[in-house]
Amino acid sequence: MTGNDGGRFDRVAPDSAHQRDPGRPHRAAICTWWEDRFGVDAAVWSAHSFWEKGNGKLWVFAGEAHDPTPVEALGMRFMRVRQEHWKPSTNAVQRFGQHATRNVISLSAGETAQFIAGESVDRPQWDGDWGYLIAATTIAGRDVPVGVGLYLHGELRSTVPKGRQRTL
Amino acid sequence: MGLVDRYAPMTDDPDAFRTACSRPLPTTVRVNGLKTTPTAATAALADAGVTTTPSAWSQSVLRLDTESAGGTLPYYLGWIHGQEEVSCLPAHILGPQPGETVVDLAAAPGGKATQLSDLMDDTGTVIANDVNLGRLSALRHNSERLGVTNLVVTHQDGRHFSLKPIGSARTVDRVLVDAPCSCEGTLRKSPHIVADWDPLGHRGLQPLQIDLLGRAIELTRPGGVVVYATCTFAPEENEAVVDAVLHSHPCTVEPVALPAGLTAAPGLQQYDTMRFADSLTETVRIYPHQNDTGGFYLARLRVDR
C-alpha cells in the first residue's frame, strides 16, 4: 500500500472499481464495516463525503469539497482503518452511534464516570463481539453513546482520548 | 481617565454602567442543537447538580449557578458549550440558512463558528478560519466535541483570505467578522482589562479590523450579508471601522434586529472629533448593565454590487 499525503485531504473512492490505489480504503468497504459491526445503515451518511488525511485516518464531511483539499480540518475525524482492527473515533460515535443496533454496551452511571475518566470497566458477562464496542449510558431519560471501548477478557477498556477525558 | 470613566458618559445610565462593570459576569452555556435540546440539557445539568435559568431571549442560552460546567456529563457529550451570552448573538444576527456557504474569518476558538453550524443544521459549509495556529487546535477540538461535520478549518491571514484551497468557484452567502479587539467588554470576567487599560490601545487594532471587514465584503456575493462584531466599547474599533468600510466597499448598513428580551443602545453618530454616517445608528452597542452581560458591538451589512 502506498502512502497518503498527511498535508491534505484526499477523497475516499466510492468502491474498489474506482480506486486509483487498491491499497487505500474505499467508501463501500467503510459502510459495510459499520453495517456489519454496529448495524448502522449507510443511509446515515447519504449527505456526507469521506476523506483521508494521512495513512488510514478518515474524516467525515457534510457536503462536498475539492479533491484534494489542503486545509486544517474537513468535517470530523471519523475512524482509523490503518491497522487490522478498524476503530471509530469517540466523536464520530457520539455523533452517529445512536443509529447502532448491535455491539452497544450499556454502562451504569458509575461505570460511565469511570469510562469517561479513561478507566476500564469490569464486564465478565458479555454476549456480543470482542473488540471495539460503542459504550452507551442513560442521561436525561435517553440512551446516548459516550465513546468507544475495547472489549477483551471480561473488561471494557476506555479509548477516550486524554484530551477528552473528564473526571465527573 | 480609566476605562469605565471613558465609556460611562456614553451610556443612558452611567451609575448603573459603573456598578455592572464591577460585578462578576454570570456563567452561561449555549445548548448544542446538533446533539440535544434545551429541555434535555437542562435536565442533564440538573442531574449533575447544576441549576440553570434560560436567558431572557433564548431557550438555548442558559445561565448557570456555578462557575463552570466543564466537569459534567452534558459538557463531555458536547450538549453544551461555554459561551458568553452576548457572544451567542453574532451568529443569530448573521442569520445563516441551511445549505449556505458561510465564512467565519477570525473563528478560533470556535464558539460562534460551531453555533453557525448548529443554526444551519450541520448542512452547507462553514469555513472557520484563523491566523493563529495554536488557537485553531482549540477550534478543532470544540467542533468535534460538539459533533459538527460541515465545518472546514483553514489557517490563513484573514485580511488576504482566499477560497482557493476549498474551491474558488464557491459562492459565499455570509461572512462573520468577530474581530480581534481590545476586549474592553470582557472586563467583568477579566479584571486585568481595567487594570492594564491603555487609553490609546484601541488605535493599534483599527487597520487590521478595517482590512478584515473589507475582505469580508469582497468575499461575499452581491446581496449577501456580513456581520461585524467586537467585544469592546471603543468607537475607534466599532463605528469608525464600519464607517471606513462603507466608504471603501459596496455595502450598506442594515438594522440589527435583536431578539425580543434584549436591550441595547444605538451605534454612535459621533465621538470626540469623529463623525460617522447616519446609518451607524442602525448598529448596536450592548452595555453590561442593560442585560447583565459583557459589553458588545454588532453591525449588519448588506453587500451591494
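Domain bounds, as I use them today, come from an automatic or database domain assignment. Hi everyone, and please keep in mind throughout that what we are looking at is a predicted model.

With that in hand, let's start with chain B. It splits into domain 1, covering 3–13 + 84–303, and domain 2, covering 26–83. Taken over C-alpha atoms, the centres of domain 1 and domain 2 of chain B are 24 Å apart. Where they touch, domain 1 of chain B brings 21 residues and domain 2 of chain B brings 15 residues.

Which helices supply the domain 1 side of that contact in chain B? Helix 6 (111–119) and helix 7 (133–145) of chain B each give at least two residues to it. The largest share comes from helix 6 of chain B, with five residues. Sorted by class, this side of domain 1 of chain B has six nonpolar, nine polar and six charged residues.

Let's stay with helix 6 of chain B for a moment. Is it mostly covered or uncovered? Mostly covered: eight of its nine residues are buried. Among them are G111(B), K112(B), L116(B) and D118(B). After helix 6 of chain B comes D121(B), which has a positive phi near 55°.

Now look for the sheet in chain B. Four strands form an open sheet in the order 2-3-1-4, with antiparallel pairing. Its edge strands are strand 2 (52–54) and strand 4 (80–82) of chain B, each pairing on one side only. From one strand to the next, the twist averages 35°. If pairing is new to you, here is the background: strands of a sheet pair through backbone hydrogen bonds, either parallel or antiparallel. Inside this chain, strand 1 (residues 28–31) and strand 3 (residues 61–64) of chain B are paired antiparallel over three bridges. To find the spot on your screen, look for T28(B), which stands opposite R63(B) in strand 3 of chain B.

One more residue in chain B is worth a stop. F17(B) sits in helix 2 (residues 14–22) of chain B. Why does F17(B) count as buried? Because it has 21 C-beta neighbours inside 10 Å, and the cut-off for buried is 20 or more. Setting aside neighbours within four places in sequence, F17(B) is in contact with A8(B), T11(B), Y287(B), P288(B) and H289(B). For a sense of distance, F17(B) and T171(B) are 42 Å apart, C-alpha to C-alpha, and 154 residues apart in sequence.

Next, how do the two chains meet? Here 29 residues of chain A are in contact with 31 residues of chain B. On the chain A side, the elements giving two or more residues are strand 3 (57–62), strand 4 (73–74), strand 5 (76–80), helix 2 (90–96) and strand 10 of chain A. That side of chain A divides into 15 nonpolar, nine polar and five charged residues.

There is strand pairing between the chains as well. Strand 4 of chain A and strand 7 (residues 151–154) of chain B run antiparallel and are joined by two bridges. L74(A) has V152(B) as its bridge partner in strand 7 of chain B.

Let's finish in chain A, with helix 3 (residues 109–116). Which of its residues are buried? They are E111(A), T112(A), F115(A) and I116(A). Looking down the axis of helix 3 of chain A, these buried residues fall within an arc of 130°, so they line one face of the helix. Their cover includes strand 8 (121–122), strand 9 (131–139), strand 10 (142–152) and strand 11 (155–158) of chain A, together with helix 4 (73–76) of chain B. Just after helix 3 of chain A, G118(A) takes a positive phi of about 95°.

Strand 11 of chain A, one of those covering strands, has two faces of its own. L156(A) and S158(A) make up the covered face, while E155(A) and R157(A) make up the uncovered one. Strand 8 of chain A runs antiparallel to strand 11 of chain A, with two bridges between them, and D122(A) stands opposite E155(A). Strand 10 of chain A is also antiparallel to strand 11 of chain A, joined by four bridges; there, G149(A) faces S158(A). Strands 10 and 11 of chain A form a hairpin with two residues between the strands, where H153(A) takes a positive phi near 50°.

Note on methods. Residues are numbered from 1 along each chain as its sequence is written. Chains are lettered from A and ligands numbered from 1 in the order in which they are written. This is a predicted model: local features need pLDDT of at least 70, side-chain atom pairs count only at pLDDT 80 or more; totals for chains, interfaces and linings use all residues. A residue is buried if 20 or more other C-beta atoms lie within 10 Å of its own, exposed if 12 or fewer, and partly exposed in between; C-beta atoms are placed from the backbone. The arc is that of the directions from the helix axis to the C-beta atoms. Two residues are in contact if their C-beta atoms, placed from the backbone, lie within 7 Å. Ala, Val, Leu, Ile, Met, Phe, Trp, Tyr, Cys and Pro count as nonpolar, Asp, Glu, Lys and Arg as charged, and the others, Gly among them, as polar. Two strands pair if DSSP finds at least two bridges between them. Axes are lines fitted to C-alpha atoms, for helices over the stretch in contact, and angles run from 0 to 180 degrees between N-to-C directions.
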